[in-house]
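I opened this model to look up how the chain is built and what holds its parts together. My entries follow in the order I made them.

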Amino acid sequence: MTDTAGDRVMVELVGGPWDGHRQDLMSAADLDGPRERLGTWVIVDGPWPDDVPDGCVARAVYEPGPEPAPANIWRYQGWIYT
């Protein structure tokens, strides 16, 4: 995702460990693209879920809801271990 026009936008994370956090993650043009290309995995310092496999890092998954939900509000979907 590139920012060619300098039109950066704030994305709000809702639920999970980063609830209420707002961050400049992409451009308005990116948000206008396909929903399946939006979202993020956020590293969490802790506390982690009890079932994190040894040697893995827990990341909170955030994605926007389907339309007509706003593309700049990403809801907590659960954990992924990397």
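Predicted model: local features only at pLDDT ≥ 70, side-chain atom pairs only at ≥ 80, totals over all residues.

**Entry 1**

I found 5 strands forming an open sheet, in the order 2-1-5-4-3, with mixed pairing. Strand 2 (22-27) and strand 3 (40-43) are the edge strands, and each of them pairs on one side only.

Next I checked how strand 4 meets strand 5. The two run antiparallel and are joined by 7 bridges. Within this pairing I noted glutamate 63, which stands opposite arginine 75 in strand 5.

**Entry 1: the chain as a whole**

I counted 1 helix and 5 strands in the protein chain. Along the sequence the pattern reads β-β-α-β-β-β. The C-alpha trace spans about 40 × 25 × 20 Å along its principal axes. I looked up contacts with a separation of 6 or more: residues 24 or more positions apart account for 46% of them. The chain has 82 residues, and buried residues make up 26% of them.

**Entry 2: the core**

Which residues make up the largest nonpolar core? I listed 11: Val11, Leu13, Met26, Leu31, Leu38, Val42, Val44, Ala60, Tyr62, Ala71 and Trp74. Strand 1 (8-14) and strand 4 (58-64) each supply at least two residues of this core.

Valine 44 is then in contact with Pro17, Trp18, Ala58, Ala60 and Trp79.

**Entry 3: salt bridges**

How many salt bridges does the structure hold? I found 2.

One of them pairs arginine 8 with aspartate 24, with the closest N and O atoms 3.0 Å apart. Arginine 8 lies in strand 1 and aspartate 24 in strand 2, so this pair ties together parts 16 residues apart in sequence.

Arginine 22 forms a salt bridge with glutamate 12, and here the closest N and O atoms are 3.4 Å apart. This pair links distant parts of the chain, 10 residues apart: arginine 22 is in strand 2 and glutamate 12 in strand 1. I noted a relative accessible area of 46% for arginine 22, which makes that residue partly exposed. Glutamate 12 is partly exposed as well, with 24%.

**Entry 4: two prolines**

I went to proline 68 for its peptide bond. Which kind of bond joins glutamate 67 and proline 68? The bond is cis, with omega about 15 degrees. I noted for comparison that most peptide bonds are trans. Proline 68 sits in the loop between strand 4 and strand 5 (73-81).

Proline 34 was my last stop. I found proline 34 in the loop between helix 1 (28-31) and strand 3. Its relative accessible area is 39%, so proline 34 is partly exposed. I also took a distance from proline 34 to tyrosine 81, which are 47 residues apart along the chain. Their C-alpha atoms are separated by 25 Å.

Technical notes: Residues numbered from 1 in each chain as written. Heavy atoms only, no water. Core = buried A, V, L, I, M, F, W, Y, C linked by side-chain atoms within 4.5 Å. Buried < 20%, exposed > 50% of the residue type's maximum accessible area, 1.4 Å probe, protein only. Helix = DSSP H or I, 4+ residues; strand = E, 2+ residues; numbered from the N terminus. Contact = heavy atoms within 4.5 Å. Pairing = 2+ DSSP bridges. Salt bridge = Lys/Arg side-chain N within 4 Å of Asp/Glu carboxyl O. Lists of a residue's contacts leave out its neighbours within four places in sequence.
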